[in-house]
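Here is a short tour for someone meeting this structure for the first time. Have a look at the sequence and the model, then read on.

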Amino acid sequence: MERAIRFQPARQFLVFCLLFSTASAEVRYVLPEEMPIGSAIGNVARDLGFEARELADRRARVIAADGGGRLCQLDSSTGDLLISRRVDREELCGQASVCTVHHQLLLQDPLRAFGLLLDVTDINDNAPVFAAEEIRLDLPESTVLGSRFPLESARDPDLGTNSVREYKLSPNEHFSLETSTQINGKAYPELVLKKALDREARVEHVLKINGIDHGSPARTGTATVRVHVLDANDNVPVFSQRVYRASVPENSPAGTLIARLHATDSDDGSYGEVTYSFSHLTDETRGVFHIDPPTGEVRVAGVIDYERARTHEVDVQAKDGGGQASHCKLVVDVMDVNDNRPVIEIKSASAKVPEDAQTGTMVALVNVYDTDGGDVACSVPDDVPFQIVSEVKNYYMLVTSQPLDRELRSEYNVTITAADSGSPPLESVKVLTVAIDDINDNPPTFAQREFTADVLENRPAGTLVTRMAAQDADAASNAKLTYRISKETDWEVSSYLTINEDTGDIFTSRVMDHEESVYFRIKVEVRDGGEPPFTATCTVNVFVTDQNDNAPVVLHPAPGSSSEDMVPLEAPGGYLVTKVVAVDGDSGHNAWLSYRIVKETQPDLFSVGLHTGEIRTLRSFGESDRAKQTLVIAVTDDGAEALSATATVSIVVGAGLPVLQELFQLVEESRDDDNLRLYLSVALLAVSSLLILLIVGVFYFKLCRRSSYVYRSTAASLPVFPSPYYPPSFGDFSRYGTLLKDDRLDPFMTTGSWRGDFRFGSNTDTDTLKKRSAAYQKNTLRRTSAERPSLKARAAPSQPCYVIT
């Protein structure tokens, strides 16, 4: 109840003075101390020209400056500045005549700061207090009338009229009380003897002294003064001067000599021995100095701090052995030394700065001050894209000075340096870490625009084909990549492949068949996780590698047929009897067929072409040779694990069949010219091969870039067979298959065809052979849309097919 009554005048006085400066962006308020918590100081929103709603939207808050505690808080709904804790002027500013507390109003989004200056005025909330409840004085009975004896003044932390203004002494007949003033303006009481003392009449006098302030209401402090009357001592110590003045640098070590005080006493013996002591010490002085009682030397005893007190005033007493004393004053001036480094405090800092932030964006608010006083210079290095800007004294804004790029540098350690104006100057350094926040400003990229991969046919679905790894220079979600097969890819092609959207790994989604399709061309699209997202595409060429999964199939002679081939008895050596025709559904080496005789009725009579399958006579027939011969021919492919088939050929040697004489002559001439023709053939073949390889290579690279088809080199040694033995839908598909559908059939005479054509006996039915070939095509090489859908990527043969006539 008493506290509430005491603050009632303060509430009535709550008319505040507002000083607002747009140049310095500061607002000043005046408020009395001890205001109740929750009291309104002023409306910051109105005084700064903001709407209360804007303060809430920009997350406004109040922070304390200069390392002090926060006295007020912001009501963001109304814009009022409210007291948040007890405001004690004496606690905040001590005995300073002006008490100004610095706060800062900080606004986010964008970041901006305003200075809040709170001038705290004093109220009479402290009563005077004497250092000691009892003051003892020893006075000889011979003390001269009018002698003055300084007493300990009462301490009152209040200022002005609220501090101690007068002293009153209890009524008595020997002493009166007068008030004197120190250099610093503080009053202290002095006891004045107005009637002679008589020890025999009264040994001790007990007095009451009151210290009274002039506050409203006035407050009083009381102490007891006990005066002990001593025997006569005719002379008192006398100082050489009334006031001594000395100076000492702050931070001087203990024991540093400050001054030598000197007092003399004319008495002899113990009455002439003078001892020195301090008679009155303030809170700032107590423990700082020490006086040597016999010599009067004043030395440093504690820490001397210019920032705490610039001047110390000490009352020194000189007392003789008889108890008489005299007093003087010692004024010690403290010389300032630049002993405090500037203080750097980060009041607010952005957690991350976006890399697209405009030049001049505020990153942090820094409070820099020096307890020594004077100006402080704040700077950052030149090699960082930031600079220091100041709009309010002792407050500096760290802002961007040039564009940022997280991909070049994602974090900066900004060294903030503060240097004072002392000599030599002192510096403080604080490192502020500024993280650059990523934005989606980089598209994903592939290492190359086109990739090539091979996959073995017949591998199960889910087989890894290749890995498509793209790179994105951004970070976090902006660099999270998602892969997919582009919609531009033909749906039939995309049905064969699937892609892992997180890793970019491409897998087969079904079993591949080289005989069905040898080449796929897809487009892969990658998209980052930014907003808006960036995309990139690349082309993937997938080649299906052949396996030797098809055994050779004999077309002629048809398996299980009973037809026989006729050969004249007069046929010469080298005579073409017939030809074994076989095909292989594989390609390349897996489709290269070779023929050999594994069983025959009579040895050394017939031979078979290793790669042509042509059966010829080795010599002329004799009378001892059997008329009917049976040959078993093995047809083997060239795969790693070779597959084979067999064909049985029945040959009947018949007399009376015509043999043209011209053929014999040609045979003889051919034998004479064999060596010459061999040399010429080898030379012509070498030159032609080089020329063909060059032309094919040039066309191959040009056509591969413009078309999705695969071009194959010619395999001239593959087995071929005459058109009468298979339907028109069969043809040679280079090294990727000996029999595929192709309408481009060119007739060509095979080697040695001049010596004769196929001879068929009466039991050889050409129509039957055609039907068997058609049946093989239907059962073995048929590709229906339901089983194996045709693909646009299927390659066309690069060379014409050859047929034997």
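Is Arg-484 buried, partly exposed or exposed?

Arg-484 is partly exposed, with a relative accessible area of 35%. In these terms, buried means under 20% relative accessible area, exposed means over 50%, and partly exposed is in between, using a 1.4 Å probe and protein chains only. You'll find Arg-484 in strand β39, which covers residues 482-485. Strands (E, at least two residues) and helices (H or I, at least four) are DSSP runs, numbered from the N terminus.

Setting aside neighbours within four places in sequence, Arg-484 is in contact with Ile-499, Lys-523, Val-524, Glu-525 and Arg-527; contact means heavy atoms within 4.5 Å. Arg-527 sits 43 residues away along the chain, and its C-alpha atom is 8.5 Å from that of Arg-484.

## Where the values come from

This is a predicted model, so local features need pLDDT of at least 70 and side-chain atom pairs count only at pLDDT 80 or more, while totals for chains, interfaces and linings use all residues. Residues are numbered from 1 along each chain as its sequence is written, and side-chain values use heavy atoms, with hydrogens and water left out.

## Salt bridges

The structure holds 27 salt bridges, each being a side-chain nitrogen of Lys or Arg within 4 Å of a carboxyl oxygen of Asp or Glu. One of them joins Arg-226 to Glu-204, with the closest N and O atoms 3.5 Å apart. That pair links distant parts of the chain: Arg-226 is in strand β17 (residues 220-230) and Glu-204 is in strand β16 (residues 204-213), 22 residues apart. Arg-226 counts as partly exposed because its relative accessibility is 24%, and Glu-204 is also partly exposed, at 30%.

Another salt bridge connects Glu-297 and Arg-260, whose closest N and O atoms are 2.9 Å apart. Here, too, distant parts of the chain are linked: Glu-297 is in strand β24 (residues 297-300) and Arg-260 is in strand β20 (residues 257-260), 37 residues apart. Glu-297 is at 16% relative accessibility, so Glu-297 counts as buried, whereas Arg-260 is exposed at 54%. Then there's Lys-347 with Glu-345, a salt bridge at 3.0 Å from N to O, and both of these residues are buried.

## An open sheet

Strands β46, β50 and β49 form an open sheet, in that order, with antiparallel pairing. Two strands pair if DSSP finds at least two bridges between them. The edges are β46 (576-579) and β49 (606-608), each pairing on one side only. Between β49 and β50 (residues 614-617) there are 3 bridges, and Val-608 stands opposite Ile-615 in β50.

## A buried threonine and a nonpolar patch

Thr-636 lies in strand β51 (residues 628-636). Thr-636 counts as buried because its relative accessibility is 19%. Leaving aside neighbours within four places in sequence, its contacts include Pro-552, Trp-592 and Leu-643.

For a stretch of surface, look at Leu-691, Leu-694, Ile-695, Val-698 and Phe-699, which make a nonpolar patch of about 490 Å². Phe-699 is in helix α7 (residues 674-706) and counts as exposed, at 51% relative accessibility. Patches are made of residues with over 30% relative accessible area and no salt bridge; like charges are joined within 9 Å and nonpolar side chains (Val, Leu, Ile, Met, Phe, Trp, Tyr) within 5 Å. Accessible areas come from the Shrake-Rupley method with a 1.4 Å probe, and for residues only the protein chains shown count as cover.
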